[in-house]
Amino acid sequence: MARITKKKKSDGLYKALLTLRTEKEIYDFFQDLCTVTELRAMEQRFDVAVLLRQGMIYNHILERTGASSATISRVNRSLAFGCGGYQTYFERADEGQQADEPPEEAL
């Protein structure tokens, strides 16, 4: 899987995320940072990851989220061979920190 190499100039974004404390702060930050299309794409990929983890098959995920088979496949590769970011979230969600359900809009 292609990875973005860490460059000094890109550290600012990731450090900025660490300063945000509430869901509203994170929401507002992403509203300022991203276009609606970019946000919807990230939300869709996250929903796909949740559904893949729950064992849902590609066709059902496609019907439920509208994600293309290419997007579902990419997310699946990230789950299997990525950097572990999704896994970190899922482990913490399993500890009760977050709900492991996609938002109603994805249903």
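Before looking at helix pairs, I note that axes are lines fitted to C-alpha atoms, for helices over the stretch in contact, and that angles run from 0 to 180 degrees between N-to-C directions. I also remind myself that two packed helices are described by the angle between their axes and the distance between the axes.

**Ground rules**

I am working with a predicted model, in which local features need pLDDT of at least 70 and side-chain atom pairs count only at pLDDT 80 or more, while totals for chains, interfaces and linings use all residues. My residue numbers start from 1 along each chain as its sequence is written, and my side-chain values use heavy atoms, with hydrogens and water left out.

**Entry 1: the overall fold**

I started with the secondary structure and found 6 helices and 0 strands in the protein chain. Here helices (H or I, at least four residues) and strands (E, at least two) are DSSP runs, numbered from the N terminus. Read from that end, the order is α-α-α-α-α-α.

Next I looked up burial. Of the 107 residues of the protein chain, 20% count as buried; buried means under 20% relative accessible area, exposed over 50%, and partly exposed in between (1.4 Å probe, protein chains only). The accessible surface of the chain comes to about 8,100 Å², and carbon and sulfur atoms hold 53% of that. These areas come from the Shrake-Rupley method with a 1.4 Å probe, and for residues only the protein chains shown count as cover.

I then checked contacts, meaning heavy atoms within 4.5 Å. Among contacts in the chain with a separation of 6 or more, 47% join residues 24 or more positions apart.

**Entry 2: α3 against α4**

I turned to helix α3 (residues 36–53) and its packing on α4, where the angle is about 140 degrees and the axes are 10 Å apart. The crossing is right-handed. For handedness I use this rule: a crossing is left-handed if the near helix is turned anticlockwise from the far one by less than a right angle, and right-handed if clockwise. On the α3 side I see Q44, D47, V48, L51 and L52, and they meet Y58, I61, R64 and T65 of α4.

**Entry 3: α4 against α5**

Helix α4 (residues 58–65) also packs with helix α5 (residues 69–81), their axes coming within 10 Å and crossing at roughly 115 degrees. I noted this crossing as right-handed. Y58, I61 and L62 of α4 make the contact with S69, I72, S73 and N76 of α5.

Further along α5 I stopped at S78. Is S78 buried or exposed? S78 counts as buried, because its relative accessibility is 11%.

**Entry 4: α3 against α6**

Here α3 and α6 pack at about 65 degrees, with 12 Å between their axes. Again I recorded a right-handed crossing. The contact is made by R45, F46, A49, V50 and R53 of α3 and by Y86, Y89, F90 and D94 of α6.

**Entry 5: salt bridges**

How many salt bridges does the structure hold? I found 3, taking a salt bridge as a side-chain nitrogen of Lys or Arg within 4 Å of a carboxyl oxygen of Asp or Glu.

- R53 and D94 meet through their side chains at 2.5 Å, N to O. R53 lies in helix α3 and D94 in helix α6 (residues 85–94), so this pair ties together parts that are 41 residues apart in sequence. R53 is partly exposed at 34%, and D94 is exposed at 51%.
- K24 pairs with D28, the closest N and O atoms being 2.6 Å apart. Both sit in helix α2 (residues 23–33), 4 residues apart, about one turn of the helix. K24 is exposed at 57%, whereas D28 is partly exposed at 30%.
- E43 pairs with R40, with 2.7 Å between the closest N and O atoms. They are 3 residues apart in helix α3, so about one helical turn separates them. Both E43, at 35%, and R40, at 48%, count as partly exposed.

**Entry 6: a nonpolar patch**

Last, I looked at the surface, where L13, Y14, L17 and L33 form a nonpolar patch with about 330 Å² of accessible area together. My patch rule takes residues with over 30% relative accessible area and no salt bridge, joining like charges within 9 Å and nonpolar side chains (Val, Leu, Ile, Met, Phe, Trp, Tyr) within 5 Å. Helix α1 (residues 11–19) gives the largest share, 3 residues. I checked L13, which lies in α1, and it counts as partly exposed because its relative accessibility is 34%.
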